[in-house]
Amino acid sequence: MAPSITTLISRPLPLFTSAALLRAGMLLYGLWQDANSPVKYTDIDYLVFTDAARFTFSSSSSASPYERETYRYTPLLAWLLYPTTLPGAFCFSLGKVLFAAADLLAGYLIIQVLRRHMGMPLARACGFASIWLLNPMVATISTRGSSEGLLGVLVTALLWAVLERRVVLSGVLLGLGVHFKIYPFIYAPAVVWWMDDEHMASRTPEDERKKKGQAIASRPQDHSPQTALGRLIAFATPQRIQLTLTSLATFAGLNIAMYSLYGMPFVTHTFLHHVTRIDHRHNFSPYNVLLYLTSSTSSLSSPLDPEQAAPTSPWAAKIESVAFAPQLLLSTVLIPLVGAKKNLSTTMMAQTFAFVAFNKVCTSQYFLWYMVFLPLYLPDSLLLRKPALGVTTLILWVSTQGLWLQQGYNLEFLGQSTFVPGLWLSSLAFYAINCFILGIIIDDLGSLYI
């Protein structure tokens with residue numbers, strides 16, 4: 001049994017075949033469950049996506065994806081899902097097929113990074129890539145109709161392009177990623193900080209080892225600029241300027257094009273909504289209960305009679321707008337400064353993990369944002385060097401999720417009020433475990449392999 005599993009995950013053909021069959025099986029099962037069960041397999045978000053696609057390609061003179069309430073995404077996603085507007089259950093499922101295929105492409109890019117930039121043999125690279133490709137959680141989320149697989153491709157392609165020193169392509173992918181779903185902007189500081197002369201002159205781990213050996217042997221004197229202006233000029237290398245301009249041009253060009261087509265609703269729903277959103281359903285975040293109270297207060301307030309508005313604390317009413325502060329400080333400033341030049345892929349893992357853990361809205365789909373980096377982080381991680389720690393951490397991460405889900409089930413399906421203390425305490429427990437894991441990842445940034 002063990003040799004067959006090893007063979008399965010150590011060669012590309014059986015690995016990708018198994019990953020494709022896993023997703024195909026889940027897609028077929030989803031069709032059956034949707035047709036025969038009151039509890040649907042298809043994610044509600046997928047219905048939003050496909051409705052938005054139908055609105056986009058309707059014959060109406062005001063055709064827009066934003067005619068679909070709760071569509072908070074770029075029109076590009078609705079465009080990609082045009083085939084789902086065609087008649088038939090098969091066509092309706094083509095968006096899920098696209099998301100599942102994106103999983104496979106992300107897995108291919110993971111193998112390329114492991115082989116070319118971590119010096120890993122093909123069999124071992126495939127083994128670590130199987131953590132993503134054969135992960136049932138990843139496959140389930142994509143085949144239920146979540147678009148997070150597309151983000152997985154964009155961020156792994158960004159990492160691959162940066163490590164390959166393809167500056168223009170990196171800028172295009174960064175701009176496209178931020179347009180597609182905002183959060184990839186956190187990678188910009190890490191990428192820019194990583195792109196110093198030493199990294200840009202090396203293309204493989206062997207090159208970097210040679211350069212480090214030469215540097216130790218020669219021990220040259222430090223000729224770095226001493227003035228602030230001199231350091232700024234030295235920092236603004238041609239590659240950093242090129243990346244910045246390319247990413248900004250891509251981001252701005254896409255936004256201008258979409259604004260010209262869909263006007264202010266595009267800006268409001270794609271970007272501004274996420275600053276003040278107060279979603280509390282399926283939300284693992286410690287902000288969950290506070291967001292629920294804020295949303296209920298808002299619903300009780302009467303726009304026709306402000307004097308009848310429910311009283312609320314000023315700081316509580318604005319918490320959704322300032323919750324970004326600790327999240328952004330960690331993910332865009334502190335972690336990139338500490339780790340980017342040491343290990344770019346682990347830094348991006350830490351950034352994403354911090355961004356999700358500290359986000360005011362934290363759903364299961366968001367876990368895929370950092371899970372795509374797991375095969376790149378784990379090979380030299382403390383979690384593998386100390387198996388007992390790795391297993392314990394995994395058990396705690398899964399069990400605290402289970403604790404939250406049990407409270408959420410009682411709330412949403414049984415109608416029991418579990419907000420306090422059950423749901424709130426389980427959110428704090430999950431948050432504490434995430435902080436513990438983040439500490440381990442940041443400690444691992446001392447490992448220098450990229």
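**A loop residue and its setting**

Tutor: Ile182 is placed in the loop that runs between α10 (167-181) and α11 (187-194); helices (H or I, at least four residues) and strands (E, at least two) are DSSP runs, numbered from the N terminus. The model is a predicted one: local features need pLDDT of at least 70 and side-chain atom pairs count only at pLDDT 80 or more, while totals for chains, interfaces and linings use all residues. Residues are numbered from 1 along each chain as its sequence is written, and side-chain values use heavy atoms, with hydrogens and water left out.

With a relative accessible area of 25%, Ile182 is partly exposed; buried means under 20%, exposed over 50%, and partly exposed in between (1.4 Å probe, protein chains only). Apart from residues up to four places away in sequence, Ile182 touches Gly177, Thr270, Phe271 and His274, where contact means heavy atoms within 4.5 Å. His274 is 92 residues from Ile182 in sequence, yet their C-alpha atoms are 9.1 Å apart in space. The backbone of Ile182 also deserves attention: its phi is positive, about 50°, although the residue is not a glycine. Most residues other than glycine have a negative phi.

Thr70 also has a positive phi, near 70°, and is likewise not a glycine. Thr70 is in the loop between α3 and α4 (75-80), and its 42% relative accessibility makes it partly exposed.

Ser247, by contrast, belongs to a helix, α15 (residues 238-262). Its relative accessibility is 10%, so Ser247 counts as buried. Neighbours within four places in sequence aside, Ser247 is in contact with Gly171, Leu174 and Gly175.

The aromatic packing comes next. Rings of Phe, Tyr and Trp (its six-membered ring) pair if their centres lie within 6.5 Å; planes under 30 degrees apart count as stacked, over 60 as edge-to-face and the rest as tilted. By this rule there are 28 aromatic pairs. One of them joins Tyr46 and Phe99, edge-to-face, with 6.3 Å from centre to centre and 85° between the planes. Tyr46 lies in helix α3 (residues 44-56) and Phe99 in helix α6 (residues 94-117), so this pair ties together parts that are 53 residues apart in sequence. Tyr46 and Phe99 are both buried. The pair of Tyr71 and Tyr73 is edge-to-face because the ring centres are 5.3 Å apart and the planes stand at 65°. Tyr71 is buried at 1% relative accessibility, and Tyr73 is buried at 15%.

Grid points are joined across faces, edges and corners, and a volume is the space filled by probe spheres set on the points.

The second largest pocket has a volume of about 490 Å³. It is lined by 20 residues, and those closest to its centre are Leu374, Leu378, Leu383, Leu394 and Trp397. Helix α25 gives the largest share of this lining, 6 residues; among the other elements that supply at least two are α21 (344-357) and α26 (419-443). The lining has 17 nonpolar, 3 polar and no charged residues (Ala, Val, Leu, Ile, Met, Phe, Trp, Tyr, Cys and Pro count as nonpolar, Asp, Glu, Lys and Arg as charged, and the others, Gly among them, as polar).

The whole structure holds 1 cavity of 30 Å³ or more. Its lining includes Phe284, Pro286, Cys362 and Tyr431. Helix α26 gives the most to this lining, with 4 residues.

Overall, the protein chain has 26 helices and 0 strands, and 47% of its 450 residues are buried.

Key: On a 1 Å grid over the protein atoms alone, a cavity is a set of points where a 1.4 Å probe fits but cannot get out, and a pocket is an open set with protein on both sides within 12 Å along at least five of seven lines; lining residues have an atom within 4 Å of a point.
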